[in-house]
Amino acid sequence: MAHPTAPPLGKDLLGLEGLTREQITSILDTAETFKEISERPVKKVPVLRTKTIVNAFFENSTRTRVSFEFAEKRLSADTVNISTAGSSVAKGETLVDTARNLEAMRIDMVVIRHHASGSAQFLAERIASSVINAGDGKHEHPTQGLLDLMTIRQYRGALQGLRVCICGDVLHSRVARSNIHGLRTMGAEVGVCGPRTLLPPHVEELGVTVFRRIEEAIEWADVLNVLRLQLERMKGGFIPSLREYNRVFGVTRARVEAAPRDLLILHPGPMNRGVEIDSNVADGPQSVILEQVTNGVAVRMAVLYLLAGGEPGQAEAAKGGSA
């Protein structure tokens, strides 16, 4: 159950940096409570029946957008979806103009995904509605970080003292930043592994251990979180070729089988199979990738509930009825 004295999240969820261990724990515990709803024949409760939520996705996404939509619908919220292609932003309207026009329609929350780092905070400072960051540039993706923490906790029991290595394209990854902040706050040791060209400058200052070889990372880690190569953000020169990347840094079955302990394998998706991860690992017994997807809906339900004023310790009672 959730921590009864956990501090509230406040108005917005913009990132995991700055959240306390108690706040993260309250979200994860609330998500565990809501996870059962998705297993019911009727997957709906009236928790957010009076709320209107806008999903403003100014960057392409399928999994994250659909996951938020499922979470909102299962809590009985009214939802509106907008995207760049179908909005006035394409005609030159600013992000703030769009948000203020939406807010004039009396909305309660905005879930925003945007290519510019800091866009979620920029918006949150200018509107009264709650803002949830669904990924902003290379900054953070807090609900992905939370679902990763939830999945690791589910299989390993606790995060304190675990060794988690984030492998791959850390430079372009907002998921990596959310994971680093969240894992370190929860007491885990964090490592990163990838080509020097795909690691941020001075990454050590984030409090992580840097591994130059994937074999060393696997030998050290209890958990691998394998990031996809974000080829759409690369202009060339980051890696010699995809085949070479797989040869040197790919998470292959042979490398996983050589690990000194039973690894847990995560991947935020979408996967480049045969590049950063081989299919027989992604679909293998150590993989919990599909469980991450299931947990993503529960985590987003928990965040929506808590930002709407729900009490962490009362989520069990709140989910009791059907919509």
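Analyst: Let's start with handedness: a crossing is right-handed if the near helix is turned clockwise from the far one by less than a right angle, and left-handed if anticlockwise. Helices here are DSSP runs (H or I, at least four residues), strands are E runs of at least two, and both are numbered from the N terminus. This is a predicted model, where local features need pLDDT of at least 70 and side-chain atom pairs 80 or more, while totals for chains, interfaces and linings use all residues. Residues count from 1 along each chain, and side-chain values use heavy atoms, without hydrogens or water.

Now to α5 (residues 142-156) and α11 (residues 289-307). These two helices pack at an angle of about 120 degrees, and their axes are 8 Å apart. (Axes are lines fitted to C-alpha atoms over the stretch in contact, with angles from 0 to 180 degrees between N-to-C directions.) That angle is why α5 is called oblique to α11; under 35 degrees would be roughly parallel, over 145 roughly antiparallel, 65 to 115 roughly perpendicular, and the rest is oblique. As for handedness, α5 passes α11 in a right-handed crossing.

Which residues do the touching? On the α5 side, they are Thr143, Gln144, Leu146, Leu147, Asp148, Met150, Thr151, Gln154 and Tyr155. They meet Glu291, Gln292, Asn295, Gly296, Ala298, Val299, Arg300 and Val303 of α11, where contact means heavy atoms within 4.5 Å. Sorted by class, this contact of α5 with α11 has seven nonpolar, seven polar and three charged residues. (Ala, Val, Leu, Ile, Met, Phe, Trp, Tyr, Cys and Pro count as nonpolar, Asp, Glu, Lys and Arg as charged, and the others, Gly among them, as polar.)

α5 has another partner, α1 (residues 21-35). The axes of α1 and α5 come within 10 Å and cross at roughly 70 degrees, so the two helices are roughly perpendicular to each other. From α1, the residues involved are Ile24, Thr25, Ile27, Leu28, Asp29, Ala31, Glu32 and Lys35, and they meet Leu146, Leu149, Met150, Arg153 and Gln154 of α5. By class, the contact of α1 with α5 has seven nonpolar, two polar and four charged residues.

Next comes the largest pocket, with a volume of about 720 Å³. (On a 1 Å grid, a pocket is an open set of points with protein on both sides within 12 Å along at least five of seven lines, and lining residues have an atom within 4 Å of a point; volume is the space filled by probe spheres on the points.) The lining holds 35 residues, and Arg63, Thr64, Pro268, Gly269 and Pro270 lie nearest the centre. The elements giving two or more residues to the lining are α2 (63-74), α5, α6 (174-185) and α11. α11 gives the most, with seven residues. By class, the lining divides into twelve nonpolar, 15 polar and eight charged residues.

Glycine 269 and proline 270 are joined by a cis peptide bond, with omega about -10 degrees. Proline 270 sits in the loop between β9 (264-266) and α10 (279-282). Asparagine 272 is found in that loop between β9 and α10 too. Leaving aside neighbours within four places in sequence, asparagine 272 is in contact with Arg228, Leu229 and Ile277.

Last stop: serine 76, in the loop between α2 and β2 (78-83). Its phi is near 70 degrees, a positive value in a residue other than glycine. As background, most residues other than glycine have a negative phi, and most peptide bonds are trans.

Technical notes. 1 Å grid on protein atoms, 1.4 Å probe; cavity = no way out; pocket = protein on both sides within 12 Å on 5 of 7 lines; lining within 4 Å.
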